[in-house]
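I am opening a page for this structure and will write down what I look up, in the order I look it up.

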Amino acid sequence: MATGREVEVYLDLLSQPCRAVHILLTRTKIPHRIHSVALRKGEHRTSEFSKLNPMQKVPVLVDGGFILTESDAILKYLATTFDIPEHWYPWQPERRARVDEYMAWHHSNTRPHAAKVFILEVLLPAQLGVPVDQRRLDRALSDLDVTLERLESMFLQRQAFLCGDDITVADLLAVCELMQPLGSGRDILKDRPQLRHWRSRVQSAVGESFDDAHAVLFAVRDRRRARL
Amino acid sequence: MNLGKSTRSEKFQHFETETSAWLRGECLLKAAVSVRMRPDEPPLSSSVAIMLYLAEKFQTPEHWFPADLRLRSRVNEYLSWQHMAIRMHGSKMYWMRVMIPKIMGIDVPKEKMDGALEDLNASLTLIEENFLQDRPFIVGDQMSLADLVAIVEIMQPLGAGLDVFEGRPKLSAWRDRVQASIGKDLFDEAHQVILGAQDAMKQVDPSKLEPFKPKILRLFF
């Protein structure tokens, strides 16, 4: 197991997968150094950042000379390289498979559907100076509702966390996506007690790392409230 | 990924396979592969998770999913990236060039088609320049799950009559290596259905495909 070294992470806390990585690092106290990449200022498109990641995305992990992109891969690498509690990414094949299963499903379900709500309600109006496209937003909310239903029936069911009785990196990815619409003050879990309770359990399990990671998002929400 | 062979082998007896039968006119809205890991649990879905599980559980040759954590991370990196990139862009081609004209009776507007082709090309270029670079396979000298997942997604648009290998010698050379690594017979068997899909679709009665309409309207219009 690795000790005495510090990983470097390039991230923007407004990005959901970046927050998941940030929470894991701070909660498990993996030595790390954060490099901030401000997406809203286009810092991911600079030639300097592009040398690091030609795909111009965050998060990026650098461990010695090893550069790794994709939050899935980063979370799994951190969990298996550093001496952190095993429950984050279990070793047993059947338990690990459940985490892999969620993380694969997440890409085409939780991530796009939750992100779309934030994009339509906050990002596009802010960037283009246009009002919210209500028709598209309604459709996005409807798609998200199906996803939330599936999260409950396919994954959470009667378990404490998405992949079993213990928190895993899958829960971090999911919770950070589901928090994003809060940037416009929208709590998508307000009518879903099962998922709300799960979110509370995740918050308890990660402690102050949760609010630390979400400070930027809360600031966006508060600034919007102040303007209204 | 062809799991049909699996039923013939003792080791794989406990796998359940459900494959799409819509080419025979039986309409399933979703083709699913599932693996039952334990009798008291729901089956494992997600082809990526299944492959990772099989590699671990059945101690497959190490090259499929290397033990070295950095090489393994490269496989995970590709498997993660591909969902909303090549998989999405490649699958779209079949819908746009074959299914939509057949079911809706119209051609997809040129603008939309051009945009989709652009996205597909961007993904293919990233595979060549970022994931393959000058290596024989995605993570090194031997084929891994990354190449396996990549090849089946890249072959998919061929089912829509789109030759993605044209003008891409690097990708073509990699495909040849993958084919040789898998074995030509198995490779060809696995791709038989998709390569014949465009012709097979001509035989299907459009009314049998009605259940796809709501999904098409939702996703493409």
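**Entry 1: a salt bridge.** I started with one pair of side chains in this predicted model. Arg98(A) and Glu41(B) form a salt bridge, with 3.1 Å from N to O. I then looked up the count between chain A and chain B, and it is three salt bridges. For polar contacts across the interface of the two chains, I noted 14 residue pairs, both residues of each pair being at pLDDT 80 or more.

**Entry 2: the chain A side.** Which elements of chain A give two or more residues to the side that touches chain B? I found β4 (66-69), α3, α4 and α6 (134-156). The largest share comes from α4(A), which gives ten residues. By class, I noted eleven nonpolar, eight polar and eleven charged residues on this side of chain A.

**Entry 3: the extent of the contact.** I looked up how many residues take part: 30 from chain A and 31 from chain B. Between them the two chains bury about 2600 Å². Carbon and sulfur atoms hold 53% of that area. In chain A, the residues that lose the most area to chain B are Met55(A), Glu94(A) and Arg98(A). Together they make up 22% of what that side buries. Arg98(A) was already on my page for its salt bridge with Glu41(B).

**Entry 4: the cavity.** How many cavities of 30 Å³ or more does a search of the whole structure find? I wrote down one. The volume of the largest cavity is about 80 Å³. I went through its lining next. From chain A the lining has Asp72(A), Lys76(A), Asp100(A), Met103(A) and Ala104(A). From chain B it has Val48(B), Leu52(B), Asn76(B), Leu79(B), Ser80(B) and His83(B). The elements that give two or more residues to this lining are α3 (71-81) and α4 (93-108) of chain A, and α1 (47-57) and α2 (69-81) of chain B. I sorted the lining by class and got five nonpolar, three polar and three charged residues.

**Entry 5: backbone notes on chain A.** I ended with two places in the backbone. Is the peptide bond from Val58(A) to Pro59(A) cis or trans? I found it to be cis, with omega near 0°. Pro59(A) sits in the loop between α2 (47-52) and β3 (60-63) of chain A. My other note is on Lys29(A), which is not a glycine but has a positive phi of about 60°. The loop that holds Lys29(A) runs between α1 (16-28) and β2 (32-36) of chain A.

Methods
Residues are numbered from 1 along each chain as its sequence is written. Chains are lettered from A and ligands numbered from 1 in the order in which they are written. This is a predicted model: local features need pLDDT of at least 70, side-chain atom pairs count only at pLDDT 80 or more; totals for chains, interfaces and linings use all residues. Side-chain values use heavy atoms; hydrogens and water are left out. On a 1 Å grid over the protein atoms alone, a cavity is a set of points where a 1.4 Å probe fits but cannot get out, and a pocket is an open set with protein on both sides within 12 Å along at least five of seven lines; lining residues have an atom within 4 Å of a point. Grid points are joined across faces, edges and corners, and a volume is the space filled by probe spheres set on the points. Helices (H or I, at least four residues) and strands (E, at least two) are DSSP runs, numbered from the N terminus. Ala, Val, Leu, Ile, Met, Phe, Trp, Tyr, Cys and Pro count as nonpolar, Asp, Glu, Lys and Arg as charged, and the others, Gly among them, as polar. Contact means heavy atoms within 4.5 Å. Buried area is the accessible area (1.4 Å probe) that two parts lose on being put together, summed over both. A salt bridge is a side-chain nitrogen of Lys or Arg within 4 Å of a carboxyl oxygen of Asp or Glu. A polar contact is a pair of N or O atoms within 3.5 Å; within protein, one must be able to donate a hydrogen and the other to accept it, and residues adjacent in sequence count only if both atoms are side-chain atoms.
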